[in-house]
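Me: I'm new to this one and would like to go through it slowly. Could you show it to me first?

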Amino acid sequence: MVNDVDIALAALADPTRRRIVELLRERPRRAGELVEAFDMSGPAVSRHLRILRQGGLVNEHGLDEDARVRIYRLRPEPFVALQAWLDQVQAFWADQLGAFKEHAERLSKGLSE
């Protein structure tokens with residue numbers, strides 16, 4: 001069963017797509033600006049943008065004055081879901097490390113279980 005976190009992680013597995021996300025964190029950008037930021041063709045960048053769009057990580061819209069221009073921006077919802085999942089993983093490890101710390105402290109004081 002694939003969920004939103006799986007889709008987001010799959011989309012972010014590629015370093016080019018993560019770099020696009022980093023650029024879009026700064027501000028929304030035109031497709032042409034994104035192409036200029038990479039040493040690859042426009043169609044190649046468009047394929048990455050399509051995967052990010054299909055994964056729900058970005059959306060695009062046009063300009064009323066020029067329908068040829070596409071503006072890309074991040075959507076917050078998938079990142080909120082991803083952060084919630086990461087928080088759960090972090091809480092698990094915090095609990096595990098806390099229990100290990102208590103065990104190590106008991107051993108160092110010569111106490112056994």
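Me: Which strand does R29 lie in?
Reply: R29 belongs to strand β1, residues 29–30, where strands are DSSP runs of E with at least two residues, helices are runs of H or I with at least four, and both are numbered from the N terminus. This is a predicted model, in which local features need pLDDT of at least 70 and side-chain atom pairs count only at pLDDT 80 or more, while totals for chains, interfaces and linings use all residues. Residues are numbered from 1 along each chain as its sequence is written, and side-chain values use heavy atoms, with hydrogens and water left out.

Me: Is R29 buried or exposed?
Reply: R29 counts as buried because its relative accessibility is 10%; buried means under 20% relative accessible area, exposed means over 50%, and partly exposed is in between, with a 1.4 Å probe and protein chains only.

Me: What does the side chain of R29 make a polar contact with?
Reply: The side chain of R29 makes a polar contact with the side chain of E26 at 2.4 Å, and a polar atom of the R29 side chain also lies 3.0 Å from the backbone oxygen of L23. A polar contact here is a pair of N or O atoms within 3.5 Å; within protein, one must be able to donate a hydrogen and the other to accept it, and residues adjacent in sequence count only if both atoms are side-chain atoms.

Me: And which residues does Y72 touch?
Reply: Leaving aside residues up to four places away in sequence, Y72 touches several residues, including L24, R29, L34 and E60, where contact means heavy atoms within 4.5 Å.

Me: Changing topic, how many salt bridges does the structure hold?
Reply: The structure holds nine salt bridges, each being a side-chain nitrogen of Lys or Arg within 4 Å of a carboxyl oxygen of Asp or Glu. One of them joins E60 and R70, with the closest N and O atoms 3.1 Å apart. That pair links distant parts of the chain, since E60 is in strand β2 (residues 58–63) and R70 is in strand β3 (residues 66–74), ten residues apart.

Me: Where do E105 and K101 lie?
Reply: Both E105 and K101 lie in helix α5, four residues apart, which is about one turn of the helix, and their side chains meet in a salt bridge at 4.0 Å, N to O. K101 counts as exposed because its relative accessibility is 51%, whereas E105, at 36%, counts as partly exposed.
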